[in-house]
Amino acid sequence: MARTRSTASSLRASRQDRDLRQRELAPPAALRRTRAVVAGCGAVGHQVARLLGSMGVSHITLIDFDKVDHVNLAPQLFRPSDVGKYKVDVVAKTIRELNPDVELTVLPRAFQFDDVISDNDPDQDFGENES
């Protein structure tokens with residue numbers, strides 16, 4: 001019994017250590033200020049969007065013109081009830097269930113550079129103004 005407690009205690013300590021390291025790499029306050037764009041909500045984009053939402057990213061733009069088809073079910077983790085729906089709508093619903101505070105922009109169309117970049121957006125910084 002003592003060995004089980006020791007193992008459980010060790011696992012708990014390991015998880016706490018991992019959580020602290022992750023918070024140092026991506027502080028929650030910084031994540032709340034972060035905006036992300038996911039172009040393509042298939043297998044990889046679907047998972048990336050879910051992770052961003054659950055991590056606390058404040059605004060996510062989802063872009064994909066495609067609808068869920070039967071061939072997408074297993075490899076892209078969609079459900080049979082999702083067939084025929086836009087992938088962006090299905091992924092947005094999942095993100096809202098994980099994090100109702102996230103702001104989502106859902107664009108059920110092909111990616112266009114203008115969807116995410118604006119010449120008038122003073123918050124856009126692509127490393128050009130590094131100190």
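The three strands of this chain form an open sheet in the order β1-β2-β3, with parallel pairing; two strands count as paired if DSSP finds at least two bridges between them. Strands β1 (35–39) and β3 (103–107) stand at the edges with a single partner strand each, so one side of each is left without a neighbour in the sheet. From one strand to the next, the twist averages 15°; axes are lines fitted to C-alpha atoms, for helices over the stretch in contact, and angles run from 0 to 180 degrees between N-to-C directions. The model is a predicted one, in which local features need pLDDT of at least 70 and side-chain atom pairs count only at pLDDT 80 or more, while totals for chains, interfaces and linings use all residues. Residues are numbered from 1 along each chain as its sequence is written, and side-chain values use heavy atoms, with hydrogens and water left out.

Five helices and three strands are present, and along the sequence they follow the pattern α-α-β-α-β-α-α-β. Helices (H or I, at least four residues) and strands (E, at least two) are DSSP runs, numbered from the N terminus. Of the 131 residues, 28% count as buried, where buried means under 20% relative accessible area, exposed over 50%, and partly exposed in between (1.4 Å probe, protein chains only). Contact means heavy atoms within 4.5 Å; among contacts between residues at least 6 apart in sequence, 55% join residues at least 24 apart.

Now to the sheet itself. Strands of a sheet pair through backbone hydrogen bonds, either parallel or antiparallel. Here β1 and β2 pair in the parallel sense over five bridges, and β2 (residues 59–63) pairs with β3 in the parallel sense, also over five bridges. Within these pairings, V37 stands opposite T61 of β2, and I63 has L107 in β3 as its bridge partner. Not counting residues up to four places away in sequence, T61 touches A36, V37, V38, T105 and L107.

Helix α3 (residues 43–55) lies across β1 and β2, running at about 165° to β1. Together, β1, α3 and β2 make a right-handed β-α-β unit: with the strands pointing away from the viewer, the path from the first strand over the helix to the second runs clockwise. Helix α5 (residues 87–98) lies across β2 and β3, at about 170° to β3.

Buried in α5 are K87, V88, V90, V91, A92, T94 and I95. The buried residues of α5 pack against α3, β2, α4 (73–76) and β3. Among them, K87 has 4% relative accessibility and counts as buried. Leaving aside neighbours within four places in sequence, K87 is in contact with C41, G42, D64, D66, K67, V68, N72, Q76 and F78. The C-alpha atoms of K87 and K67 are separated by 5.3 Å, although these residues are 20 apart along the chain.
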